[in-house]
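Student: Could you take me through this entry slowly, and tell me each time what a word rests on?

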Amino acid sequence: MDIRIDGDELDRLRRSVAAAPRIIREELTTGVQRAGLAVQAESQRAARVDTGTMRRSMTTKVEPFSDGVRALVGSNLPYAAVMDRGRAAGGPMPPRGSLLGWMRRHGIDEQAE
């Protein structure tokens with residue numbers, strides 16, 4: 001039985017295996033980015049809209065996390081969390097006057113009780 005080992009083939013195999021972690025990380029990042037963008041699109045579709053500012057503020061950021069990557073989807077607007085989850089029971093009311101623009105756009109008299 002003859003066994004022949006081609007050094008060039010072994011070298012190519014070694015280079016391919018050495019590149020595997022980088023390729024896997026790139027593919028994982030691409031997949032997580034796509035998933036994050038899908039979540040962002042659904043969040044934008046489902047968001048309540050008055051002026052559209054919150055919808056436009058939504059972004060996706062992919063970053064390293066533990067041994068992998070993660071996608072962070074959200075908005076940096078201070079009221080976005082309240083719009084998404086509602087005000088916590090017993091939580092503070094909106095600052096005085098902060099709803100006046102919304103009231104005007106929706107035909108609600110500022111003096112109404």
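## Words and their cut-offs

Tutor: Of the contacts in the chain with a separation of 6 or more, 41% are between residues 24 or more positions apart, where contact means heavy atoms within 4.5 Å. The model is predicted, so local features need pLDDT of at least 70 and side-chain atom pairs count only at pLDDT 80 or more, while totals for chains, interfaces and linings use all residues. Residues are numbered from 1 along each chain as its sequence is written, and side-chain values use heavy atoms, with hydrogens and water left out.

Student: How many helices and strands are in the chain, and what pattern does the chain follow along the sequence?

Tutor: There are 4 helices and 2 strands, and read along the sequence they follow the pattern α-α-β-β-α-α. Both kinds of element are DSSP runs, numbered from the N terminus, with at least four residues of H or I for a helix and at least two of E for a strand.

Student: How does the radius of gyration of the chain compare with that of a compact globule of 113 residues?

Tutor: A compact globule of 113 residues would have a radius of gyration near 13 Å, whereas the chain has 26 Å. The radius is taken over C-alpha atoms, and the globule rule is 2.2 Å times the number of residues to the power 0.38. Along its principal axes, the C-alpha trace spans about 100 × 25 × 20 Å.

Student: What percentage of the residues of the chain count as buried?

Tutor: Of the 113 residues, 16% count as buried, a word that means under 20% relative accessible area, with exposed meaning over 50% and partly exposed in between (1.4 Å probe, protein chains only).

Student: Why is Ser57 called buried?

Tutor: Ser57 has a relative accessibility of 15%, and therefore counts as buried. Ser57 has its place in helix H2, residues 53–57, and, leaving aside neighbours within four places in sequence, it is in contact with Gly74, Ser75, Asn76 and Leu77.

Student: Which class does Ser75 fall into, and where is Ser75 found?

Tutor: Ser75 has a relative accessible area of 29%, so it is partly exposed. Ser75 is found in the loop between S2 and H3, and beyond its neighbours within four places in sequence it is in contact with Ser57, Met58 and Ala80.

Student: And what makes Ala80 buried?

Tutor: The relative accessible area of Ala80 is 9%, so the word buried applies. Ala80 is found in helix H3, residues 80–85, and, again leaving aside neighbours within four places in sequence, it is in contact with Met54 and Ser75. The C-alpha atoms of Ala80 and Arg55 are separated by 9.4 Å, although these residues are 25 residues apart along the chain.

Student: What makes Ile3 exposed?

Tutor: Ile3 has a relative accessibility of 67%, so it counts as exposed. Ile3 is found in the segment before helix H1, which covers 7–46, and its C-alpha atom is separated by 81 Å from that of Pro95, 92 residues apart along the chain.

Student: How do you know that S1 and S2 pair, and how do they run?

Tutor: Two strands pair if DSSP finds at least two bridges between them, and here 7 bridges join strand S1, residues 59–65, to S2, with the two running antiparallel. Among the bridge partners, Pro64 has Val69 in S2, and Lys61 has Leu72.

Student: What is the class of Leu72, and what is Leu72 in contact with?

Tutor: Leu72 has a relative accessible area of 37%, so it is partly exposed. Leu72 lies in strand S2, residues 68–74, and, apart from neighbours within four places in sequence, it is in contact with Thr59, Thr60, Lys61 and Glu63.

Student: What phi does Ser66 take in the hairpin of S1 and S2?

Tutor: The hairpin has 2 residues between the strands, and Ser66 takes a positive phi near 55° there, although it is not a glycine. Most residues other than glycine have a negative phi. Ser66 lies in the loop between S1 and S2, and its relative accessibility is 73%, so it counts as exposed.
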